[in-house]
Structures are given as C-alpha cells and as structure tokens.
Amino acid sequence: MVAGDARQILVSEVGPRDGLQSIAATMSTAAKKRWIDALVAAGVSEIEVGSFAPAKLLPQLADTAEIVRHARLHPGLTVAVLVPNRRGAEDALASGAHKLTLPLSVSETHSLANLRRTHAQVLDEARAIAGLIAEMPAAERPHFEGSLSTVFGCTLEGPIADDVIRRCAAELMAAGADEVGLSDTSGYATPGEVRRLVALVRAVVGDAAVQGLHLHNTRGLGLANVVAGLDAGITTFDASQGGLGGCPFAPGASGNIVTEDLVFMLQAMGYETGIDLTALLRARDVVGEALPGEQLFGFVAEAGLPKGFAAPAQPVFAAELEKA
Ligand code: ZN
C-alpha cells in the first residue's frame with residue numbers, strides 16, 4: 001500500500017459493530033472471532049469489532065473487550081471500536097484498540113434521544129478522551145475519530161443547518177479528535193449532498209482531517225454515494241458484510257452498504273482494496289452460518305461475479321483524480 005495513492009481505498013468493515021448491534025440475535029463470541037479471522041484472511045485491514053457501550057444497552061456487544069484482544073492477534077489489522085463516552089474510552093484503551101470513534105450527532109435532538117447528551121456534553125467527553133490518549137506513550141496512542149452522525153439529515157429534526165455542522169466539526173477537532181468522519185445515520189445521503197458536505201466540512205477542518213464516509217443503503221443510493229465520495233477524494237468507506245442489520249425504516253433495504261458489493265465496484269473501477277473477493281464471500285458464509293434465519297443483503301453474493309471478471313489496472317476516473 002502506498003500512502004496517498006489515489007488508487008488505494010480503505011474498506012473498513014463495521015459489521016461486527018453496526019451490523020450486530022442492529023439485530024435481535026446475538027452472535028456467539030466464538031463466531032465473531034471466526035468472522036474476524038475470515039475477514040483478515042480476505043485482506044480486510046480495518047474492522048470495527050464492537051462498541052464499549054454499557055452491556056445492558058447493547059448486550060450483543062458485551063464481549064467487545066475479548067473480541068478486541070482476539071483481533072489484535074492479527075498483525076497489521078487496525079482494530080477499531082465505537083465509544084459513546086469517556087467511560088467507554090477507558091475500557092477501549094485498556095483493551096488495546098487501535099482506533100476509537102466517538103459519535104457526535106449534529107442533530108442535538110437525536111443526540112439527546114440517543115446518548116442523552118447535549119452537544120456541549122459530548123464535546124466534554126471528547127476532550128476527556130483526548131486527554132486520556134495524550135497521557136499514553138506516543139507509540140501506543142490510538143487514532144481518535146469524531147464521527148458527525150445524522151450529518152445528512154435526521155429522522156427527528158430533518159435537515160441540519162450548515163452552521164451547526166461546521167461548528168460541530170470544528171469543535172470536535174478543537175477537542176482533540178484526529179479526524180472527523182461523515183456518517184449517514186438516517187440513510188438520507190444523496191450524491192450531491194455527499195459532494196457538498198465533504199467540501200463544507202473540509203473547508204472548516206482541512207482536507208486531511210476528512211477521509212472517511214459511513215454510508216447506509218436505506219434508499220438505494222449507497223454505492224452512488226460512494227462514487228460521489230471517491231470523486232471528492234474520500235479514501236475510507238465503512239461497509240458491513242451482507243448489509244447486516246437491515247434498515248428499520250425501509251424493509252428490504254440493507255443497513256450499511258454491503259461490503260461485497262462495495263469491493264466489487266471499487267475493483268471494477270480500478271481501485272485497490274487489498275481484498276480478495278472470493279475470500280470475502282467465504283467470510284460472508286461465516287456470518288450466514290452463525291446467524292441462521294438472519295437476512296443478508298447484497299447483489300454480488302447472489303448473482304456471482306461477471307464471467308471473465310478482471311479489475312482494470314487503472315481507475316476509470318483516473319483523469320478526474322489527477323486533476324484533483
Ligand atoms: Zn451505521
């Protein structure tokens with residue numbers, strides 16, 4: 001992998017966190033480990049393996065510390081976790097996670113409903129987490145991402161004012177985050193809004209501090225939004241195997257964008273993900289076996305790869321990338 005190579009895209013698998021927290025069934029700890037091992041065998045280099053939310057709120061993810069310890073056995077794998085607050089971050093740091101993501105819902109109504117915290121309170125948590133990280137030896141500090149959730153709109157508030165988004169992004173960075181991600185919590189994103197909001201947030205915090213998009217496929221625009229993100233120079237995309245979790249607002253729609261379909265599209269466009277599609281489909285089988293009866297989404301797993309499929313050596317959009 002060459003840092004800064006425009007052909008290199010990081011696919012961050014979030015199924016073990018976002019997928020598993022959204023379903024009623026609980027995947028066994030042993031199956032989670034098998035899944036992570038299969039993902040790593042397929043070449044996946046970043047996995048969000050769980051959340052350090054209180055176990056009584058998310059019993060499906062109560063074994064996150066053990067899963068982090070297991071995932072860390074894979075050299076080169078970035079082990080990411082979600083943390084809702086300082087308390088969760090303490091557990092995350094003790095477990096040895098490499099990357100912590102703290103969500104800040106730009107919709108304050110959503111923030112109060114979900115985390116029972118105002119923006120000011122979440123930013124206090126962000127400062128406390130950055131403080132904990134700063135106390136660590138430099139070589140052991142995890143990457144700290146602030147995620148702007150509901151940034152494309154909120155099921156409670158609707159569209160969020162640009163000024164609120166700008167302020168949240170600036171304050172997360174001022175609180176000590178290393179980067180801010182844009183998260184389509186509600187499945188409202190469209191390609192135009194992806195381009196507009198990536199530019200809007202980058203204008204506030206700088207291009208280097210906005211690398212990642214977390215997209216859902218609630219209205220079928222997930223991969224179109226990825227293409228818009230690629231055009232905007234985004235290099236990290238979250239996705240979930242089998243689109244696990246579905247979407248509570250839109251029956252038949254996956255939750256997160258489907259990793260297998262995302263990787264297929266990226267490879268077909270000439271981007272490098274480091275992921276072997278056939279092995280990725282085998283990892284999906286691990287999920288299906290561990291969660292019998294759970295609906296998995298995605299087109300490539302159903303239809304198979306096109307006959308003679310081979311990824312082009314150069315991105316189809318190379319001309320645009322060179323201009324950017
Ligand atoms: Zn999500």
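Close-up 1. Along the sequence, the donors of the zinc ion follow the spacing D-x195-H-x1-H. Which residues are they? Asp18 (through OD), His214 (NE2) and His216 (NE2) are the protein donors, sitting 2.0 to 2.1 Å from the zinc ion. A donor here is an N, O or S atom within 2.8 Å of the metal (3.2 Å for Na, K and Ca), and water is not among the atoms, so sites may look incomplete. His214 and His216 are both buried; buried means under 20% relative accessible area, exposed means over 50% and partly exposed is in between, using a 1.4 Å probe and protein chains only.

A quick note on what you're looking at: this is a predicted model, where local features need pLDDT of at least 70, side-chain atom pairs count only at pLDDT 80 or more, and totals for chains, interfaces and linings use all residues. Residues are numbered from 1 along each chain as its sequence is written, and side-chain values use heavy atoms, with hydrogens and water left out.

**Close-up 2. Helix α6 and its packing partners.** Helix α6 covers residues 119–134, which is 16 residues. (Helices are DSSP runs of H or I with at least four residues, strands are E runs with at least two, and both are numbered from the N terminus.) From first C-alpha to last, α6 reaches 22 Å, close to the 22 Å expected at 1.5 Å a residue; that expected span is 1.5 Å times one less than the number of residues. Its buried residues include His119, Val122, Leu123, Ala126, Ile129 and Ile133. And what do the buried residues of α6 pack against? Their partners are α4 (86–95), β4 (99–105), α5 (108–115), β5 (143–149) and α7 (162–175).

**Close-up 3. Phe144 in strand β5.** Look for Phe144 in strand β5. Phe144 counts as buried because its relative accessibility is 1%. Leaving out neighbours within four places in sequence, Phe144 is in contact (heavy atoms within 4.5 Å) with residues including Leu100, Leu102, Ala126, Ile129 and Ala130. Phe144 and Ala130 are 14 residues apart along the chain, with 7.6 Å between their C-alpha atoms.

**Close-up 4. Strand β8 and its neighbours.** Strand β8 (residues 236–239) is covered on both faces: Thr236 and Asp238 are buried on one side, Phe237 and Ala239 on the other. Strand β1 (residues 10–13) runs parallel to β8, joined by 4 bridges; strands pair if DSSP finds at least two bridges between them. Here Leu10 stands opposite Thr236. Strand β7 (residues 212–214) also runs parallel to β8, with 3 bridges, and Leu213 has Phe237 as its bridge partner.
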